Amino acid sequence: MSTRIDIYKNATEPYQSLLAVNTYLAGCSLPRELVEMVFLRVSQINGCAYCIDKHSRDLLKGGMTVDKLVLVPVWHEAGALFSPQQQAALAWAEVVTRIDRGGAADADYEAVVAHFSQREYADLTIAIALMNGLNRLGISGRLVPAAALAGH
């Protein structure tokens, strides 16, 4: 694998702006676990190993059980393990991440706003958009997951 240009070093100011959005999301209207779960699901869809590793670790550190963590990709089959709000957030994350598959239908929008206030909906959608952008930077930059660096 070739070494890639370090985007952070070569475009520090715009990258820092993305990180500022992440800092905002850490204290936004949504529970931190929900934001991290959405980050993980978006990263799984996009195939960003670095972000999957990071957000899995963050969820475990935050107290999520391994049993729940491993079911994030199939949350819709996990029954009541995921709350209705978490299910709505994960469904919206999938819709927005796969926006090329027909946009964001009114039914999908109605399903998510049934569980979130206007501010929460805005924060959720920003979180999804941010992670999609960061995944593209991580994948194109070939960021190495912590587990690979540690040799696990």
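Which side chains meet in a salt bridge at 2.6 Å, N to O? They are Lys54 and Asp58. The model is predicted. Five salt bridges are present in the structure.

- Lys54 and Asp58 sit four residues apart in helix α4, so about one helical turn separates them.
- Lys54 is partly exposed, because its relative accessible area is 34%.
- Asp58 also counts as partly exposed, at 22% relative accessibility.
- Asp53 forms a salt bridge with Arg57, with the closest N and O atoms 2.8 Å apart.
- Asp53 and Arg57 are both in helix α4, four residues apart, or about one turn of the helix.
- Asp53 counts as buried, at 12% relative accessibility.
- An α-helix has 3.6 residues a turn, so residues three or four places apart point the same way.

- Arg41 pairs with Glu94 in a salt bridge, the closest N and O atoms being 2.8 Å apart.
- Arg41 belongs to helix α3 and Glu94 to helix α6, so the pair ties together parts 53 residues apart in sequence.
- Arg41 and Glu94 are both buried.

**Helix α3 and its cover**
- Helix α3 covers residues 32–46, 15 residues in total.
- At 1.5 Å a residue it should span 21 Å, and its end C-alpha atoms are 21 Å apart, so the two agree.
- Its buried residues include Leu34, Glu36, Phe39 and Arg41.
- Among the elements covering the buried residues of α3 are α2 (12–26), α4, α6 (84–97) and α8.

**Glu120, buried without a salt bridge**
- Glu120 is in helix α8 (residues 118–140).
- Glu120 is buried but has no salt bridge.
- The nearest side chain of opposite charge to Glu120 is Arg119, 9.4 Å away.
- Beyond residues up to four places away in sequence, Glu120 touches Ser29, Leu30, Gln85 and His115.

**Surface and spacing**
- Leu60, Val66 and Val70 make up a nonpolar surface patch, with about 260 Å² of accessible area together.
- Leu60 lies in helix α4 (residues 49–61) and counts as partly exposed, at 37% relative accessibility.
- Val113, in helix α7 (residues 106–113), counts as partly exposed, at 24% relative accessibility.
- Val113 and Leu69 are 44 residues apart in sequence and 25 Å apart in space, C-alpha to C-alpha.

Conventions: Residues numbered from 1 in each chain as written. Predicted model: local features only at pLDDT ≥ 70, side-chain atom pairs only at ≥ 80, totals over all residues. Heavy atoms only, no water. Patch = residues over 30% accessible without salt bridge, like charges linked within 9 Å, V, L, I, M, F, W, Y side chains within 5 Å. Areas by Shrake-Rupley, 256 points an atom, 1.4 Å probe, with all protein chains shown as cover. Salt bridge = Lys/Arg side-chain N within 4 Å of Asp/Glu carboxyl O. Helix = DSSP H or I, 4+ residues; strand = E, 2+ residues; numbered from the N terminus. Buried < 20%, exposed > 50% of the residue type's maximum accessible area, 1.4 Å probe, protein only. Lys, Arg positive; Asp, Glu negative; His and termini not counted. Contact = heavy atoms within 4.5 Å. Expected span 1.5 Å × (residues − 1).
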